[in-house]
Amino acid sequence: MKNIKYYIGLFLALALVSTSCQEDDAVIGDIITPTNVTISAEIVGVDADNPFGDGSGFVNFTATADNEITYQFDFGDGKEAVAPTGEIQHRFTVTGTNTYTVVVNAVGTGGVMSSTSMNVEVFSSFSDLEAVEMMAGKTIGGTKTWYWASNLATHVGLGPYEDDYGSGEFAWPAWWNSIQPWDEEKSCMYTNEFVFTRLEEGLTFEQTVGPAFVPGTYAGVIGVDGDTCHDESVATTMFGLKNVSFFPSSSKAALEGSYNDAPYRGTSFEISDGGFMGWYAGASSYDIISVTDDQLYVRYVEAGNVNVWYQLFTSTKPTEGESVFESEYNTLAWSDEFDTAGAPDAASWTYDLGAGGWGNGEIQSYTSDASNVIVEDGMLKITAIKDGTNYTSTRLKSIDLYEFKYGRVEVSAKLPGAQGTWPAIWMLGANYPEVGWPTCGEIDIMEQTGWDKGTSLGTFHWFDTGTSGNASYGETLSIENASSEFHLYGLEWTPEKLTVLLDNVAVVSMGNNADLPFFDKEFFLILNIAMGGTLGGDIDPAFTQDTMEIDYVRVYQ
C-alpha cells in the first residue's frame, strides 16, 4: 500500500508540474522565517509533594510559532523528534532529578528556522539494579563485554510488531526462527564487541569492534545493500561512548508475552546518540526479555514499527566451530550469590585451618581472617597475602553443610595472576573423613598452576585397586584474561559421565561407573588459593598479595 500511495503522489506531482509549465514559468513562493516561537512544558505528576514529577519521567511539550510548517525538538538527553503540530510527549529516563535544556526549532518555508529553548527539571525513579549488575558487573567502574551468541541457534529472529494473531506470536520470533549457529550470511558481524561499564547511576555503552549488519528490511530506507555488513560510513553512530538509560517496558509483547514460560523482564533500555548493538535498523531501544550473567536476550523494534528483531548475546566469546554444551540439569538446587557483605555464610561454608603443606608441599597457612576471606561488592574474595616470610590464605568448604550427588556446578570466577599462586575450585567425596584420599574421590573443576596463567586444568582422582594408589585423568584448555575477566568454570556430573567445562566448552570428560567413587557418593565443594607447592611452583619474590573473586556458586539438578 505504501508503494501505491508513493506512485500516486508522484503522478499527481508530475501532473501539477506539467500544468504549471503550460501556463507560466514556475514561481517559488516567498521564504518566510517563523516568528514568535514559544515552548511550554507540563511535567506529568507534578504536585506539592512531587515538584519534579511522579517519577515516570514524562513531560508534555507544546511549541507555537507564526509562519511555521513543522517543529524539531532536541530534548537535551541525546534524543530528537519532529512534531508537525508542536505537541509531543517525551520520557526522560536517567534516574534521579536532572535538568535538561530543550531546544525547539520552528521550520518555515525553504527550511529556514527560528528557535527557542527552555530548561526542565525532571525526576525519574525507575531502576533495575539487578539488570545493571548482570550487564556490567556488581562493582562501580566494572565492565563486561558482550558478543553475539553465534554458537546458539536463533541468536537472531524476526517477528511482528504488535499483533499476536490470537496465539501470542508477537512475543517470540514467529516469522523467522530457524537461524542456526555460525550462520554464513551473518558471519561478518560475529566479530562485534559491545562493552557496558557501570557508573554510580546507570551504564555507558561502547561498540568497540564493528562492523554493523544492515537487514534487508531496513536497507532500502537508507539506500544500501541489505543483509550484509557496512562500516561507519553507513552506520555513522556505530562507534563512540554512549549513555544507557533504563525505563519500564511498555510494548504489548513485554506486558503480555513470555519466553521459556516466564514473563518478559519488564525493563527496557535505550542507548544514547543513535547507539545500537551491531544490528543497524534505525533504532536504539531494547526490551529485555531475559538477562543473566552470561546471556542477554532482547527485543529490538526496527524503525517504522513493523519488524521486530529478537537477539541473543553472550558475555563469553564464542569460538567458531564450537557448540554450547547442553546440560541435563536446569533446576537450581543450591547457590550462594554472595550478596550479603561480611564473612561467608556460615550456613554454607566452613574452613580448613592451619599450615602443614596439605600433602602438596604448599607453604601457606589457611585462616578465616577477614584479610584473607570476605564478601564485599557482591563478590566472595579469597586473598593470599605475604606476611614477612610467611603466607596466609583461605580454604572454604561445604562439608556437612551442603553435599550432593549428580548435577551441574557453575562457578563464575576471576583468578589471581601472580606467579606462585595456585587457585582451585574442586570437590571431595563426603566420606573423606572416614576413608581418606584418594578413596573418597576428587573432582578438580579448575586448577591453575603458578607458572601458567593461560591454562585451566580439569582432573579426576580416585583410588586404583590395581596399583593400590592414586589414579587420575585430566586435560587442559587454554584461557584468555583469566585474571582480568570472569569466566564460567563448571562440571556436568551424571551417572554415566563426568565433564569439566570452561565457559561451557568441555575441558575433559570421563565415563562414570560403579567402580568409581563418583557413581553413587555425595561430594562437597572447596574453594581456595594455595601458594607454592606441587602446582604453585616458585613464588614471585616481589609478591605481596593476590585475590580470587567469585561472583556466584550454583548447583543445578
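Arg408 has a relative accessibility of 10% and therefore counts as buried (buried means under 20% relative accessible area, exposed over 50%, and partly exposed in between, with a 1.4 Å probe and protein chains only). The residue lies in strand S29, which spans residues 407-414. The side chain of Arg408 is in polar contact with the side chain of Glu410, at 2.4 Å. A polar contact is a pair of N or O atoms within 3.5 Å; within protein, one must be able to donate a hydrogen and the other to accept it, and residues adjacent in sequence count only if both atoms are side-chain atoms.

The structure is a predicted model, in which local features need pLDDT of at least 70 and side-chain atom pairs count only at pLDDT 80 or more, while totals for chains, interfaces and linings use all residues. Residues are numbered from 1 along each chain as its sequence is written, and side-chain values use heavy atoms, with hydrogens and water left out.

Six helices and 38 strands are found in the chain; helices (H or I, at least four residues) and strands (E, at least two) are DSSP runs numbered from the N terminus. Along the principal axes, the C-alpha atoms fill a box of roughly 110 × 50 × 45 Å. Of the 557 residues in the chain, 48% are buried.

An open sheet is formed by four strands in the order S4-S3-S6-S7, with antiparallel pairing (two strands pair if DSSP finds at least two bridges between them). The edges are taken by strand S4 (80-82) and strand S7 (113-124), each with a single partner strand, so one side of each is left without a neighbour in the sheet. On average, neighbouring strands of this sheet are turned by 20 degrees against each other, direction ignored; axes are lines fitted to C-alpha atoms, for helices over the stretch in contact, and angles run from 0 to 180 degrees between N-to-C directions. Three bridges join S3 (residues 70-74) to S4 in the antiparallel sense. Asp74 is placed opposite Glu80 in S4.

In helix H2 (residues 129-136), the buried residues are Ala131, Val132, Met134, Met135 and Ala136. These residues cover an arc of only 165 degrees around the axis, which puts them on the same side of H2; the arc is that of the directions from the helix axis to the C-beta atoms.

One disulfide is found in a search of the whole structure, a disulfide being a pair of cysteine sulfur atoms within 2.5 Å. The bond joins Cys188 to Cys229, with an S to S distance of 2.1 Å. Cys188 is in the loop between strand S9 (156-160) and strand S10 (193-198), and Cys229 is in strand S13 (residues 228-230), 41 residues apart. The torsion about the S-S bond is about 80 degrees, so the disulfide is right-handed. Cys188 is partly exposed at 27% relative accessibility, whereas Cys229 is buried at 16%.

The largest nonpolar core has 52 residues, of which Met427, Tyr489 and Phe518 touch the most other members. A second, separate core of 42 residues includes Leu158, Phe196, Leu203 and Phe205. A nonpolar core is a set of buried Ala, Val, Leu, Ile, Met, Phe, Trp, Tyr and Cys residues joined through side-chain atoms within 4.5 Å.

Thr467 is located in the loop between strand S32 (455-464) and strand S33 (469-478), and is exposed at 56% relative accessibility. The side chain of Thr467 makes a polar contact with that of Asp464, at 2.9 Å.
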